[in-house]
Amino acid sequence: MSQTKTLSQPSDFSDIRDWVFDLDNTLYPHHVNLFAQIDKNMTAYVSALLRMERDEARKLQKQYYLDHGTTLQGLMIHHGIDPNDFLEKAHAIDYSALAPQPELAAAIKALPGRKFIFTNGSVKHAQATAGALGILDSFDDIFDIVAADYVPKPAGTTYDKFMSLNRVDTKRAAMFEDLPRNLTVPKALGMKTVLLVPQNLETTVVEWWERTSGEDDHIDYVTDDLTSFLKALT
């Protein structure tokens, strides 16, 4: 695995024409902690739905996340919930923690070809997040969990649907993600893969399956600064 914070050879990405970005903890740094609000809302949803104490609800929430890719998918499979109701409540958050990132917007716009947001969240959440960051108009389209028929990454069928819908040549595409397991399929499809990690990785609390290991051969590059990484390419 090539663990480099900045690229010494931008030519590594010279043939890329489709740039695919995850949303949460990818287009904004992990330390902003925006997702913590969503996480809290999901725990509250599980607690109310199943009449569980918070700690018990959180444990089940995380188990569904691990087993099914999202808490939503687990709740749909095991409890038949309305996904739209869940998404609306999960994403009822305060976006003021996000500040405009003009350098990131410029760096994304400068990339040759098309740019996509590919998220396990909703279009509404993606638009609000990217809008608060000032980068929304840098993207050509958003592919969300609804477009994926609520089957989340890392499911191969969801990547296939995204690639087919947008006619992506995976040999000329790159994927940016904060979850190692969500880069396995892109790498197998021939995409360049970039993992976004927290700036203070050793002190940041994440689930064990969200951490990198020495066996993550499906990750080509690692960075804790998306803006600098992209600027180095242009």
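Two strands count as paired if DSSP finds at least two bridges between them. In that pair, Val194 stands opposite Tyr221 in β6.

Before going on, a word on the source: this is a predicted model, where local features need pLDDT of at least 70 and side-chain atom pairs count only at pLDDT 80 or more, while totals for chains, interfaces and linings use all residues. Residues are numbered from 1 along each chain as its sequence is written, and side-chain values use heavy atoms, with hydrogens and water left out.

Overall, the chain has nine helices and six strands; these are DSSP runs numbered from the N terminus, H or I of at least four residues for helices and E of at least two for strands. Of the 234 residues, 50% are buried, meaning under 20% relative accessible area with a 1.4 Å probe, protein chains only.

Back to the sheet. What order do the six strands take? It's β3-β2-β1-β4-β5-β6, an open sheet with parallel pairing. On average, neighbouring strands are turned by 20 degrees against each other, direction ignored. Helix α7 (residues 156-166) packs on this sheet, touching β1 (18-21), β2 (114-118), β3 and β4 (173-177). Contact here means heavy atoms within 4.5 Å. The direction of α7 makes about 150 degrees with that of β2; axes are lines fitted to C-alpha atoms, for helices over the stretch in contact, and angles run from 0 to 180 degrees between N-to-C directions.

Now helix α1. The axes of α1 (residues 34-50) and α4 (residues 83-90) come within 8 Å and cross at roughly 135 degrees. That makes the pair oblique: under 35 degrees is roughly parallel, over 145 roughly antiparallel, 65 to 115 roughly perpendicular, and the rest oblique. Ile38, Asn41, Met42 and Tyr45 in α1 meet Asp85, Phe86, Lys89 and Ala90 in α4.

And α3 (residues 71-79)? Its axis and that of α1 come within 11 Å and cross at roughly 15 degrees, which makes α1 roughly parallel to α3. On the α1 side, the contact uses Met42, Tyr45, Val46, Leu49 and Leu50; on the α3 side, Thr71, Leu75 and His79.
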